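Subject: Structure handed over, with notes

Hello,

The structure you asked about is below. My notes on the cavities and the metal sites follow it.

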Amino acid sequence: MKTAKELGLGLCPKCHKVNTMHTEPMQCVRCHGWFYQRNRNSLQYTLAWNIAALLAFIPANLYPIMIIYSLGIGDESTILSGIGQFIDQGLYPIAVIIFTASIIVPLIKIIGLFVLVYKVHTGVRLKPTKHSKIYYMLEFLGPWSMLDVFVVALLVAVVELGFVTSVAAGPAINYFTMTVIFTMIAANSFDPRLLWDKKLKQQNRHAESKGI
Amino acid sequence: MNQLSNNHDIVACHLCDAVFDKPQLKQGQSAKCHRCGSTLVERKVDSINRSFYWSIAGIVLLIPAILLPIMGVTLAKQYHNASLLDCILVLIDRGFFMIATLVFLFAIAVPIVRLFGAFYIAISFKYQRLSSSMLTFFRAYHHLGHWAMLNVFMLGIIVSMYKLIDDTELSVNLGLLSLILWLICTTMASITLDQDYIWETLEQEFTHEDS
Ligand SMILES: [Zn+2]
Ligand SMILES: [Zn+2]
């Protein structure tokens with residue numbers, strides 16, 4: 001089996017047309033978009049966005065995400081304390097859904113991308129089949145972390161009962177949104193084909209040393 | 001033009017870069033990559049027609065989905081309800097501009113653009129009115145896919161209902177039904193659209209003109 005790179009070909013990321021790479025970047029003959037054979041500086045960009053996401057994730061959990069005013073008294077809740085309230089009320093399925101979407105998914109995404117970048121960089125125990133599946137999953141999960149942001153947005157809009165009760169969004173919502181968007185950009189910057197390139201390089205080097 | 005014909009009968013996997021001969025597929029078949037197992041190419045059944053009807057249904061539902069109230073709450077004899085649009089207006093009113101923008105983009109703007117995009121593409125193919133601007137257009141359409149989050153918003157509605165049901169009287173309105181149907185229509189309109197087929201047809205159409 002040959003890869004497109006070995007044959008001097010490149011796949012257009014937008015229209016999936018196989019192009020012969022005369023220049024780098026190359027203009028796709030089909031959709032006329034510009035692209036590189038591999039995402040440019042993929043690892044650096046992924047790492048940078050990932051660190052930004054991790055930094056934004058800290059205030060996202062420390063600041064209140066929602067403030068409920070009833071009769072003029074404000075009650076602040078962070079993401080975690082909001083989940084705690086659901087548990088207190090016995091609404092376990094909802095608690096699990098929010099916990100998964102707002103804590104587990106962002107963390108898995110951030111950690112997962114760090115691991116992938118590390119694996120491509122060092123090539124330690126690299127299993128491209130497994131790791132590209134992980135990447136695919138991370139990309140799929142991304143948007144679901146927006147759940148809590150949407151919930152707060154809806155509550156702010158629906159619960160508008162004047163002095164009796166109203167809901168306001170807390171500063172954490174901005175940080176949390178940033179976390180989600182940064183991880184999505186980080187996942188987009190990562191080029192899963194690098195996993196296979198690295199493996200191929202290792203195998204070739206292995207074969208060479210055996211030959212000698 | 002020689003280079004172009006050279007690469008006509010091969011495909012490469014977008015996840016692992018392996019090169020294969022282009023498989024000849026019938027409608028409804030898909031080919032998987034031998035190396036990593038991801039879907040290589042897919043031929044969808046009756047793609048243009050299906051996408052056309054789903055997008056028409058979506059466009060019809062667009063107005064009620066956005067303007068009709070989704071749900072309302074009653075507390076201490078006060079009643080208030082909100083539609084998707086109210087949601088954004090209230091957020092702007094209270095000064096949460098970033099969230100208002102994002103909810104607008106992910107839950108309204110991107111799905112609407114994708115819906116009209118699918119409609120425009122389907123109708124152009126159905127009535128053979130292809131122009132070269134379609135290339136750029138379809139590229140932009142393809143790009144937006146990641147950022148359509150109407151399904152996440154839907155789950156958000158369900159969660160907030162659970163949150164409200166405990167201490168208020170919650171009423172579900174017609175807007176929710178239209179929103180669910182709208183979500184189904186926008187999703188189906190983009191799922192049924194066959195990207196490989198569209199790109200190939202566009203390519204054939206416009207390379208003929210060039211040469
Ligand atoms: Zn292209
Ligand atoms: Zn593959």
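A cavity here is a set of points, on a 1 Å grid over the protein atoms alone, where a 1.4 Å probe fits but cannot get out; lining residues have an atom within 4 Å of a point. Grid points are joined across faces, edges and corners, and a volume is the space filled by probe spheres set on the points.

The model is predicted, so local features need pLDDT of at least 70 and side-chain atom pairs count only at pLDDT 80 or more, while totals for chains, interfaces and linings use all residues. Residues are numbered from 1 along each chain as its sequence is written, chains are lettered from A and ligands numbered from 1 in the order in which they are written, and side-chain values use heavy atoms, with hydrogens and water left out.

Cavities

There are three cavities of 30 Å³ or more. The largest cavity holds about 170 Å³ of space. It is lined by 15 residues, and those closest to its centre are A:His16, A:Arg30, B:Ile10, B:Val11 and B:Lys22. Its lining has six nonpolar, three polar and six charged residues (Ala, Val, Leu, Ile, Met, Phe, Trp, Tyr, Cys and Pro count as nonpolar, Asp, Glu, Lys and Arg as charged, the others, Gly among them, as polar).

The second largest cavity has a volume of about 70 Å³. Of its 13 lining residues, A:Ile65, A:Thr78, A:Gly82, A:Asp148 and B:Lys163 lie nearest the centre. By class, this lining has eight nonpolar, three polar and two charged residues.

Zinc sites

Donors are N, O and S atoms within 2.8 Å of the metal (3.2 Å for Na, K and Ca); water is not among the atoms, so sites may look incomplete. Four donors count as tetrahedral if all angles lie between 85 and 135 degrees.

A:Cys12 counts as buried at 1% relative accessibility, and A:Cys31 is buried at 3% (buried means under 20% relative accessible area, with a 1.4 Å probe and protein chains only).

The zinc ion (ligand 2) has B:Cys13, B:Cys16, B:Cys33 and B:Cys36 as protein donors, each through SG, at 2.2 to 2.3 Å. Its four donor atoms subtend angles of 104 to 116 degrees, so the arrangement is tetrahedral. The donor residues are spaced C-x2-C-x16-C-x2-C in sequence. Both B:Cys13 and B:Cys36 are buried.

Regards

Terms used: Tetrahedral: all angles 85-135°; square planar, octahedral: opposite > 155°, others 65-115°. Buried < 20%, exposed > 50% of the residue type's maximum accessible area, 1.4 Å probe, protein only. 1 Å grid on protein atoms, 1.4 Å probe; cavity = no way out; pocket = protein on both sides within 12 Å on 5 of 7 lines; lining within 4 Å.
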